[in-house]
Amino acid sequence: MIENFLAGTATLFGDPFTIGIFVFGVLGGMLFGAIPGVSMLTLAAILLPFTADLSPAQGVMLFAVIYCTGTYGGAITAILFNIPGAPENAPTAFDGYPMTQKGMAGKAVGAAVLCSAIGGVASALVMMSATEPLAKWAIMNIGPPEIFALVFFGLAVASSVGGRTIWKGWLSVLLGLLIATIGQDPVGGINRFNFGYSDLAAGIAFVPAILGFFAVSEIFIQAEKNVSGKYTAPKFNVDFPSFFELWAHKIAVVRSIFVGFFCGILPGIGATLAAFMGYGEAVRWSKDKSEFGTGKLEGVISSETANNAATGAAMIPLLALGLPGGALTAMMVAVFQMHDLEPGPLVFYNSPDLIWVVFAAMFYANLSILFVGLIETKTILYLLKIPFQFLAPMILMLASIGAYISRGLVLDVVVMFLAGIIGFLLRRSGYSIPGIVLGLILGKIGEQNFAQGMQMVHYDLGTYFSRPICTILIIAGVLTLLKSLHSAFYQKPKVQ
Amino acid sequence: MGKLSRPDIFEAVFWLLIAVIFFAVSFSFNQPIEIYKFGATGWPRVILFLMALVSLGNFYYAYSKGSKAQEGRVGAKENEEPIKYTSAGQYFKTGMVLILPLVYALSLKPVGFYSGTPIFIALIMIAWGERRVRFILTNTILIYAILIGLFMIVLNAPLPQGNMSPFYDISAFMLKTKTQFDQMF
């Protein structure tokens, strides 16, 4: 492994052009992740056609680097403006934004930098040492029933965080699931709920929906505060967390690495669920759960460690099985296909150089988060000093371009602003935007795997319980739902 | 009426309406799929059934306990106190902020990005309550220049050009200028 890693490193840093692409990926991912309104997906969508002119290793490496650094970059906007750069940063905003409001933005961003780097490096190391055995394990043990069970568990966890009551949490997730059914059904390709619009046959693209629900609705919330004279600019602060503050959360970091890696390795799941589960587990194991959501450093740490820990793991199903774990990894499949390659088991034998350049690049990209991120953070915090009257139209415009570029459809911009209005109204009424988005992302994956699983077990649900991983996940999901149902009936509302 | 408020009733009606309307629409694609017993409607109908059920739970919760946040809910703090409107002017201003972007999006096809964007940027600043003419003009030009510089010149991103004269001609002129600019270097 070390020899291969060194060979990958030599290829990566032996050619000035490849170094240039690596540096561009690191800075581009961080920058686009950290600009409110656009995300790493916008950058990736713009760059996709250009990768045809690069070598396969350079193209895939560029996307892998953007994936690592962009996943971290999205935390910045989540923390500073309550606008997650990507869905995987949504739980980061739960505690990160309240920290900004309290004048602790520097601490939150500093923790995000460090924990993203730790999670990413740990994940890259495991990925390098164990991709092949883990891929074999996944082939043997993970099938549609397990993926459906994990989606079920993830949605149960998502409904328990965000939303003013558990009922509103569930309704949020169900709305996301319903939106995900728009478009063709995953088994028969029959058009559903397209209301006569042919553009809706492909479904609601989740980039515009996410931008609408997160970025646009947040702008509307701030606008409403501005109109009613209740807008207060976030407090500016560049104090980073001390070593001891971070050391106190070492268990949360280790736990989130495991959670993130496990979620990342499962095909189709990706970093979003990892972040929610990492956050959910932090809440579950905490002695004082009531502090979460009010600006607790552990919330930021858990979410950011888990989502970056999933980045390396997400490469395992992509490279070993050819199954993408999210939007960006799906674009990586397109990069492979542009160069007449197919990701899958054969790629390890046909293109080992490519694999090890990508592995080495991901390792160094995660390390770069630590060094470049710390320098970048000091600068990016000054975004808080820009008047929101300037920032708001800028964010709206960037979001419009981000929504349009991915498919070249004006409909996507309309969908984004509609999602913004719906998100604004739902947030005012106490519904959970992250819940809607997770439902939207996992809905299709859940349905597809449920259908495949049902066909596999000949519609005998009992067979699901003969599969240990599936059983554990379903029981965990049911227990989570029962616990929240119990609290819905027997817990008193907050006294204000 | 228990502890119900008007928004609680509105919310219940909203969710039930969604469930009923979507359920009715689901009959339009209720075709069997040979390889899948539950067909195309199975999954969405389960979601709609659960939505109706949970909305009733939500209604009952609001009836018995009011609409305050449940204790121990994580990430719900920001939504605890929605802003109360005291004048029609506030409704109008917020309405403008909500509607303007939608109007911009709908105008993208005929007007295009290049012509519509500066107007929208200025209007949204006005809707935000900004009244300093110099601030609006300077920042509109600055934001427009950043967007054009980044997406049109550096990243060469394809943006909507519009299909209505004179907007289409303006877009064509900008793209032609950009091509000439590229050829210079």
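Chain B is divided into domain 1 (6-69) and domain 2 (88-184), with bounds that come from an automatic or database domain assignment. The centres of these two domains, taken over C-alpha atoms, are separated by 39 Å. All of this comes from a predicted model, in which local features need pLDDT of at least 70, side-chain atom pairs count only at pLDDT 80 or more, and totals for chains, interfaces and linings use all residues. Residues are numbered from 1 along each chain as its sequence is written, while chains are lettered from A and ligands numbered from 1 in the order in which they are written.

How far can the prediction be trusted? The predictor gives the complex an ipTM of 0.92 and a pTM of 0.81. For chain B the mean pLDDT (the predictor's confidence in each residue, from 0 to 100) is 86, and 92% of the residues reach 70 or more. Confidence in chain B is highest in α1(B), at 93, and lowest in α6(B), at a mean of 86.

Chain B has 6 helices and 0 strands; here helices (H or I, at least four residues) and strands (E, at least two) are DSSP runs, numbered from the N terminus. Read from the N terminus on, its elements go α-α-α-α-α-α. With a radius of gyration of 25 Å, well over the 16 Å that the globule rule gives for 185 residues, chain B is more spread out than a compact globule. The radius is taken over C-alpha atoms, and the globule rule is 2.2 Å times the number of residues to the power 0.38. The C-alpha trace of chain B spans about 70 × 55 × 30 Å along its principal axes. Buried residues account for 32% of the 185 residues in chain B. A residue is buried if 20 or more other C-beta atoms lie within 10 Å of its own, exposed if 12 or fewer, and partly exposed in between, with C-beta atoms placed from the backbone.

Chain A comes to 21 helices and 2 strands. A compact globule of 496 residues would have a radius of gyration near 23 Å, and the 21 Å of chain A agrees with that. Its C-alpha trace spans about 65 × 55 × 50 Å along the principal axes, and 64% of the 496 residues in chain A are buried. Of the contacts in chain A between residues at least 6 apart in sequence, 79% join residues at least 24 apart; the figure for chain B, counted between residues at least 6 apart, is 62%. Two residues are in contact if their C-beta atoms, placed from the backbone, lie within 7 Å.

Now for the place where the chains meet. Here 64 residues of chain B are in contact with 74 residues of chain A. On the chain B side, α1 (6-26), α2 (42-65), α3 (88-111), α4 (113-127) and α5 (133-154) each supply at least two residues. That side of chain B divides into 40 nonpolar, 14 polar and 10 charged residues. In this sorting Ala, Val, Leu, Ile, Met, Phe, Trp, Tyr, Cys and Pro count as nonpolar, Asp, Glu, Lys and Arg as charged, and the others, Gly among them, as polar.

Helix α4(B) gets a look of its own. It is mostly covered, with 11 of its 15 residues buried, including B:F113, B:Y114, B:F120 and B:M125. The buried residues of α4(B) pack against α17 (388-407) of chain A together with α3, α5 and α6 (167-184) of chain B. At 1.5 Å a residue, the 15 residues of α4(B) should span 21 Å, and the 20 Å between its end C-alpha atoms agrees; the expected span is 1.5 Å times one less than the number of residues. After α4(B) comes B:G129, whose phi is positive, near 105°.

A cis peptide bond, with omega about 5°, joins B:S165 and B:P166, and B:P166 is found in the loop between α5 and α6 of chain B. In chain A, A:F193 is a residue other than glycine with a positive phi, near 45°. A:F193 is buried, with 20 other C-beta atoms within 10 Å. A:H458, not a glycine either, has a positive phi of about 55°, but A:H458 counts as exposed, with 8 C-beta neighbours inside 10 Å.
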